[in-house]
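This briefing covers helix packing, the nonpolar core and a few individual residues. The sequence and structure come first, followed by the notes.

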Amino acid sequence: MPFQSLVARLPYPSFAVQRAVAIAAVIAQAGIGVTGSVVRVTGSGLGCPTWPQCVEGSIVPVAHPELDMLTQWIEFSNRLLTGVVILVAALCVITAWRVQIEHPSRRRLVKLAWTMPAGVMLQAVVGGITVLAKLEWWTVALHFLASTPLVWLAVLLLRAFKEGDEPARWLIPDAGRKTLIALAVSMWAVLAAGTTVTGAGPHGGDPGTHRLQAPIETLTQIHGGLLVVYLIVLAVFGLQLMRGETPKQLWKRYTIVWVVAVLQGVVGSVQYALGVPEALVSFHVLGSALVIISTAALWCGSRDRGSAPVSPAADRELATSN
């Protein structure tokens with residue numbers, strides 16, 4: 001393959017480079033959701049009313065009698081950030097591919113890396129549908145929910161760069177594995193319920209967009225109740241960890257999940273009590289991303305796949321010393 005020969009000519013990425021690329025993927029996938037919330041709370045969702053052009057006949061914002069220039073640029077800037085996400089996704093694939101060329105067994109690493117550009121393409125399609133549907137609340141919900149697995153996969157990719165490819169050896173009791181799955185399911189239930197609260201709330205991305213016709217008080221109670229379920233499952237998981245010889249690093253990740261989840265609940269409660277101010281909406285979206293990241297990190301820390309293969313240079317140094 002011609003492209004593979006080009007990738008093979010690149011320097012072998014150090015562990016520091018691999019880690020930096022993966023961290024960039026986590027930040028990019030989480031960050032695009034936060035910037036999307038800024039677009040929504042500023043009412044700029046239809047600042048660029050067409051897709052993929054901003055306005056009819058122009059890919060960039062232009063003076064228009066019916067469109068505010070500031071909202072055009074806010075929405076257009078968010079679209080430009082998609083280019084950054086694509087670049088980071090491409091770097092993930094190239095980096096993982098270069099590692100696999102040296103270590104052919106690292107197919108899982110490459111598969112995880114390919115989920116980044118594949119996910120961005122899916123998000124571009126969903127984003128286009130969202131604009132063409134004039135920000136119908138359910139399309140905005142799908143646009144957000146489609147990004148959540150990408151944040152999770154980016155964390156798995158970060159872990160994959162520094163671990164081996166042995167079959168997963170779980171570090172938790174068998175019952176803990178089922179509870180961990182329940183924790184992930186309950187997390188996504190909380191996120192899905194949150195999108196209905198957003199759909200019925202005051203920040204639709206554009207003053208003229210349709211809203212979910214349901215009592216926001218009821219939707220908020222359901223959302224909060226599911227968070228309580230998530231915390232109960234998290235507590236059960238902690239009790240199960242106490243039954244085994246849990247590594248200190250896993251306890252650290254478990255504690256971080258508690259801190260992030262409780263703080264997210266506090267932000268959500270304050271946001272609701274203050275009448276959903278714009279700034280707190282974006283902080284709440286950021287908190288959602290942090291809950292996904294910390295829960296995914298807990299998942300990764302609960303099993304072991306051995307150590308990642310050393311770089312060719314390290315191999316040569318080891319051979320020389322022997």
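V62 counts as partly exposed because its relative accessibility is 31%, where buried means under 20% relative accessible area, exposed over 50% and partly exposed in between (1.4 Å probe, protein chains only). The model is predicted: local features need pLDDT of at least 70, side-chain atom pairs count only at pLDDT 80 or more, and totals for chains, interfaces and linings use all residues. Residues are numbered from 1 along each chain as its sequence is written, and side-chain values use heavy atoms, with hydrogens and water left out.

**V62 and its loop**
- V62 sits in the loop that links α2 (15-41) to α3 (69-102); helices (H or I, at least four residues) and strands (E, at least two) are DSSP runs, numbered from the N terminus.
- Beyond the residues up to four places away in sequence, V62 touches V55, M69 and Q72, contact being heavy atoms within 4.5 Å.
- From V62 to C48 the C-alpha distance is 9.8 Å, at a sequence separation of 14 residues.

**Annotated spans**
- The unreviewed UniProt entry carries the annotation "transmembrane region" for residues 20-39, 76-97, 109-131, 137-158, 179-201, 221-242, 254-274 and 280-300; positions are given in the numbering used here, feature names are shortened, and annotations may be inferred rather than shown by experiment.
- Residues 179-201 are 96% helix and 0% strand, with 33 Å between the end C-alpha atoms.
- Residues 254-274 are 95% helix and 0% strand, with 31 Å between the end C-alpha atoms.

**T179**
- Helix α6 (residues 174-200) contains T179.
- T179 has a relative accessible area of 10%, so it is buried.
- Its contacts, leaving out residues up to four places away in sequence, are V233, V236, F237 and Q240.

**Nonpolar core**
- The largest nonpolar core has 55 residues, of which C92, L157, Y230 and L298 touch the most other members; such a core is a set of buried Ala, Val, Leu, Ile, Met, Phe, Trp, Tyr and Cys residues joined through side-chain atoms within 4.5 Å.
- Two or more residues of this core come from each of α2, α3, α4 (107-132), α5 (137-162), α6, α7 (216-241), α8 (248-273) and α9 (278-301).
- Helix α5 gives the largest share, nine residues.
- C92 is in contact with V21, A25, A113, M116, L157 and F161, not counting residues up to four places away in sequence.

**Packing of α4 on α5**
- The axes of α4 and α5 come within 9 Å and cross at roughly 165°; axes are lines fitted to C-alpha atoms, for helices over the stretch in contact, and angles run from 0 to 180 degrees between N-to-C directions.
- This makes α4 roughly antiparallel to α5, as angles over 145 degrees count as roughly antiparallel, under 35 as roughly parallel, 65 to 115 as roughly perpendicular and the rest as oblique.
- The crossing of α4 past α5 is left-handed, meaning the near helix is turned anticlockwise from the far one by less than a right angle, with clockwise being right-handed.

- R19 lies in α2 and is partly exposed, with a relative accessible area of 45%.
- R19 is in contact with L158 and K162, leaving aside neighbours within four places in sequence.
- R19 and A160 are 141 residues apart in sequence, with 9.7 Å between their C-alpha atoms.
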